[in-house]
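Please work through the exercises below with the sequence and the structure open beside you. Each task is followed by a solution in steps.

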Amino acid sequence: MSGLFITLEGIEGAGKSSLILKIKEYLENKGRKVECVREPGGTPVAEQIRNILKTARTDEDICDRCELLLMYAARAQLVNTKIKPALEKGIDVICDRHDLSSIAYQGGGRGMDLNLIKSAKNIAIGDFKPNLTLLLDLSPKVGMSRVVKRGALDRFEMSKYDFFERVRQSYLDYAYEHKDEVVIINAEDPFEIVVENALEAIACRLS
Ligand code: Z5A
């Protein structure tokens, strides 16, 4: 595969969607072809699954195992039908969230067994993984203060602070243990600085 697979991770309000556009512009200015996708979602089928996952229902809760499997069903569809074919054509792919979100949210946040998560991963995408992950780290308080300005909260955003504290810690634990894969960026910095640090990490990977 010759395209570069870059993933952005972090709790809500970290600035992933804003940063993706800057990374795309940077890579395109270098003459590279770039596709941007998001998880869960990124294909018509996976977007339908996203809709189920994000909608809070009053008549039924989504149980943790169902949530995990839906995340991986959407990921299988996106990776196998869109991301891998693009990388094979030499196109760079930037993904707003990927597998590390499942470790952080379903593992850290929901407390699910990491071996269960690994099993689901194996079925969905095998050992496929990003060339680089940028972890936008910030406190849940700052993240949520950005998100509430947008209006109505989705099923995940309605979670309590301690859920997001566990998610954040799980992200950081993984990043400290996988320094070759994950670069931590302080997402409480002004956006211009976040962009500068992210592009520097990508430039290092390109060279
Ligand atoms: N999920 C999961 O549980 N397991 C999985 O495996 C996967 C996902 C893949 C997807 O929701 C949900 O699914 C997510 C995890 C779960 N849970 N939640 N919540 P989503 O895709 O809709 O949500 P998100 O990824 O968290 O997106 P977000 O809330 O929009 O955050 P963001 O994309 O990181 O932030 P943003 O939209 O770029 O910025 C938010 C606001 O902050 C915006 O007004 C910006 O202008 C502002 N901003 C950004 N950066 C800065 C800085 N540096 N300073 C000041 N203001 C800033």
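The model is predicted, with local features needing pLDDT of at least 70 and side-chain atom pairs counting only at pLDDT 80 or more, while totals for chains, interfaces and linings use all residues. Residues are numbered from 1 along each chain as its sequence is written, and side-chain values use heavy atoms, with hydrogens and water left out.

**Exercise 1.** Describe the order of the elements in the protein.

*Solution.* Begin with the count, which is eight helices and five strands, where helices (H or I, at least four residues) and strands (E, at least two) are DSSP runs numbered from the N terminus. Then read from the N terminus, where the order is β-α-β-α-α-β-α-α-β-α-α-β-α.

**Exercise 2.** Find which residues come nearest to the ligand and which helix gives the largest share of its shell.

*Solution.* First, take the 27 residues around the ligand (a heavy atom within 4 Å), of which Glu12, Ser17, Ser18, Lys54 and Ser102 come nearest. Next, assign the shell to elements: α4 supplies four residues, the largest share.

**Exercise 3.** Identify polar contacts of the ligand, meaning pairs of N or O atoms within 3.5 Å.

*Solution.* Start with Ser18, which has a polar side-chain atom 2.6 Å from an oxygen atom of the ligand.

How values were computed:
A polar contact is a pair of N or O atoms within 3.5 Å; within protein, one must be able to donate a hydrogen and the other to accept it, and residues adjacent in sequence count only if both atoms are side-chain atoms.
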